[in-house]
Amino acid sequence: MIDTTYETADSDRQFARQHSPAQSTAISPAQRSSHTGSQSIPSYMTEVYDWAYVNPSWVRWLDHDIVVKTLLFCNDRRLMKRYLDRVQSGMHVWQVAHVYGDLVQLVAQRVGQEGRFDLTDVTPIQIAHAHSKLDALPQARIIQQDAAVFQAEHAYDLVCSFMLLHEIPEDWKHRVVDNMLAQVSESGEVIFVDYHRPAVWHPVRYILQLVNRWLEPFANALWEHEIREYASHAEDYQWTKETLFGGVYQMVRVTRKAK
Ligand SMILES: C[S@@+](CC[C@H](N)C(=O)[O-])C[C@H]1O[C@@H](n2cnc3c(N)ncnc32)[C@H](O)[C@@H]1O
């Protein structure tokens with residue numbers, strides 16, 4: 001069983017320092033290739049998620065729509081639709097991490113050539129897979145960066161975390177949420193699609209309890225905490241939560257309160 005008392009390792013702190021906003025490299029819109037300033041990745045990725053996201057042999061098998069459908073108990077299209085419904089042609093969108101299957105192409109296609117789709121991820125093999133999906137779409141830009149520290153030149157119309165928060169340690173959740181809120185425009189929107197506390201009657205609740213105990217040490221936090229609790233200045237924003245599939249999933253939409 002994985003140690004659920006995981007704390008940020010020194011190597012993670014060093015990684016975060018190396019990639020602090022003050023030191024991150026500005027990337028021009030014309031540069032669509034990965035920013036690979038450092039090949040180091042947070043230690044939780046190799047210690048907890050090596051098989052799922054880091055090891056290329058596993059990643060080759062996992063990066064398929066059917067895997068996403070199975071992992072999400074057939075709610076994949078429903079959850080993706082919630083996100084895609086928020087995307088309009090011409091928008092500038094930042095998705096904080098790669099997702100298996102065709103989601104990234106669907107978002108990039110929807111913003112169209114008048115828009116821009118920026119995708120960050122922290123793992124080189126995920127960046128490579130993203131390139132294989134997005135290189136034919138000039139509106140897409142792929143950046144190897146930690147979502148906790150990525151800084152764009154311009155604010156985004158839409159910033160989305162699709163199933164990332166439950167996979168990152170608590171201090172990362174705080175920093176990713178704050179950074180997403182910091183990168184959205186005054187009138188823009190931040191959305192989170194992720195796990196939530198399932199209803200007690202839901203059979204999936206008991207499956208996920210086992211999964212979280214053995215494979216997902218950072219996921220239970222989203223059963224205990226609202227996503228807004230991770231924001232340093234939650235009171236400055238309007239938070240709207242919708243739960244789906246008997247509370248197993250949530251979609252949270254965040255907009256800035258009028259001043
Ligand atoms: C979005 S989450 C889970 C997605 C979902 N389970 C799926 O079907 O792919 C997985 C991705 O998050 C990336 N990731 C993990 N920590 C990250 C971070 N701090 N910044 C950016 N990407 C991160 C991993 O490399 C991986 O590609």
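**View A. The right-handed β-α-β unit of the predicted model.** Strand β4, helix α9 and strand β5 form this right-handed unit. β4 and β5 pair in the parallel sense, over 6 bridges. Cysteine 160 stands opposite isoleucine 191 of β5.

**View B. The open sheet of 7 strands.** The strand order is β3-β2-β1-β4-β5-β7-β6, and the pairing is mixed. β3 (140–144) and β6 (237–244) are the edge strands, each of which pairs on one side only. On average, neighbouring strands of the sheet are turned by 15 degrees against each other, direction ignored.

**View C. Antiparallel pairing of β5, β7 and β6.** Between β5 and β7 there are 7 bridges in the antiparallel sense, with phenylalanine 192 opposite valine 252 in β7. Strand β7 (residues 249–256) also runs antiparallel to β6, to which 8 bridges join it. Leucine 244 has tyrosine 249 of β7 as its bridge partner.

**View E. Residues around the ligand.** The ligand has 23 residues around it, of which Ala97, Tyr100, Thr123, Gln126 and Ala147 come nearest. By class, this shell consists of 16 nonpolar, 4 polar and 3 charged residues.

Notes
Residues numbered from 1 in each chain as written. Predicted model: local features only at pLDDT ≥ 70, side-chain atom pairs only at ≥ 80, totals over all residues. Near = placed C-beta within 6 Å. Nonpolar A, V, L, I, M, F, W, Y, C, P; charged D, E, K, R; others polar. Pairing = 2+ DSSP bridges. Helix = DSSP H or I, 4+ residues; strand = E, 2+ residues; numbered from the N terminus. Axes fitted to C-alpha atoms, helices over the stretch in contact; angles between N-to-C directions. Right-handed = clockwise from strand over helix to strand, strands pointing away.
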